[in-house]
Amino acid sequence: MGDDGHHGHDGYAVRAEGLEKRYGEKRALDGFDLAVREGTVHGLLGPNGAGKTTAVRILSTLIRLDGGRATVAGLDVARQPREVRARIGLTGQYAAVDEVLTGRQNLEMFGRLFHLGGRRAKLRATELLEQFDLTDAADRGVGKYSGGMRRRLDLAASMILAPTVLFLDEPTTGLDPRSRGEVWESVRALVAGGTTVLLTTQYLEEADKLASHITVIDQGRAIADDTPDGLKNLVGGDRIEVVVAERSDIPRVVKVVARVSDGEPEAEEGESRVHAPVIDRVSALTEVARTLQDEGVQVEDIGLRRPSLDDVFLRLTGHRTEKAEQADKPDKADKAEKGQKTQKGAAV
Ligand SMILES: Nc1ncnc2c1ncn2[C@@H]1O[C@H](COP(=O)(O)OP(=O)(O)OP(=O)(O)O)[C@@H](O)[C@H]1O
Ligand SMILES: [Mg+2]
């Protein structure tokens, strides 16, 4: 938005090149690259231990990098940490607000921490309570807030100085769907106001909903960088999906689907589900439906679906995200292998 008076960062609010961070033998970041365009929400997506929080801590100057280079709002995080701090906000993975104080008192306290002075701190608190829809709860103790309200208060606290760049580390982890939706709304409002947001998440759906661009991180490196749709296209477009009534029918369904698919079908035994990438969507669907009917296979559901980011993750890393793993536990090692094969088969 050019509101920081600095030039020469080419439309990027955040740039990182070859970031390294070691903890003993462990390489938390291992040549990590990132480029976040001004005025966008950028998702940093990865499983537990991928290096998301480490990246956010380096970019927000909380810890030092061991190698590489990073700028935020055009300022070097290693050489100009104070200037960087004046332009950023940070909401950590764990809520930072005080339970005993009211929402308003919390925000006033943060305002004074940022040297706003009593009157301006009060004024800013009132504005933020309004913006995050917390006016009604403003004078209640935070101990009585719901998870979603608390997260919104956290967001408000990180916005005291209207940052150019806001870092949100897993802002909705542990929230129920409704609170999650409320936080998403707040983030959209911030970006409409000109803030750039770097959002880390383990939720593929969250990155899909909020971010215009996603960097996938695994083992301290960026392994993909694209739009949500671009990532989905990586997996090879639409998939046909068949759910059968009898699990014993799965091998037959795999055979039938394999005839029309553009890659090896995957079977999810736990859910009695078979799916595979297809190119000629409609003819694939009609042929599979007709053949299964002819063979007397009882089909519960059949359809075409866009690949999810779970599919993307499997494709890129050869392993699934934890959430997806929990959803269908059986033969996960086997499945990861199949994912690799599909990847090669479809890579034309
Ligand atoms: N202070 C530390 N000391 C030692 N190892 C650390 C430290 N901080 C992070 N690590 C290790 O570095 C790796 C990356 O951790 P990081 O917290 O950045 O992951 P993350 O992607 O944020 O994971 P999560 O989704 O669980 O929050 C992990 O293996 C972690 O155990
Ligand atoms: Mg983390």
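**Exercise 1. Which residue is the bridge partner of V242 in β13? Then place β13 among its neighbouring strands.**

Solution. 
- Start with the pair: V274 of β13 is the bridge partner of V242. The model is predicted.
- Go up to the strands. β11 (residues 239–244) pairs with β13 in the antiparallel sense, over five bridges.
- Now take β12 (residues 266–268). Three bridges join β12 to β13, and these strands also run antiparallel.
- Return to V274. A267 has V274 as its bridge partner in β13.
- Check the turn. The hairpin of β12 and β13 has four residues between the strands, and S272 takes a positive phi near 50° there.
- Finish with burial. Four of the five residues of β13 (residues 273–277) are buried, so the strand is mostly covered.

**Exercise 2. How many residues surround ligand 1, and which are the closest? Assign the shell to elements and classes.**

Solution. 
- Count the shell: 13 residues surround ligand 1. The closest are Y23, A28, K52, T53 and T54.
- Assign elements. β2 (26–37) and α1 (52–59) each give two or more residues to this shell. α1 gives the most, with three residues.
- Sort by class. The shell has three nonpolar, eight polar and two charged residues.

**Exercise 3. Why is α1 largely enclosed by the rest of the structure?**

Solution. 
- Apply the cut-off: a residue is buried if 20 or more other C-beta atoms lie within 10 Å of its own.
- List the residues of α1 that pass: K52, T54, A55, V56, I58 and L59.
- Conclude. Six of the eight residues of α1 are buried, so the helix is largely enclosed.

Key: Residues numbered from 1 in each chain as written. Chains lettered and ligands numbered in written order. Predicted model: local features only at pLDDT ≥ 70, side-chain atom pairs only at ≥ 80, totals over all residues. Near = placed C-beta within 6 Å. Nonpolar A, V, L, I, M, F, W, Y, C, P; charged D, E, K, R; others polar. Buried ≥ 20, exposed ≤ 12 C-beta atoms within 10 Å, placed from the backbone. Pairing = 2+ DSSP bridges.
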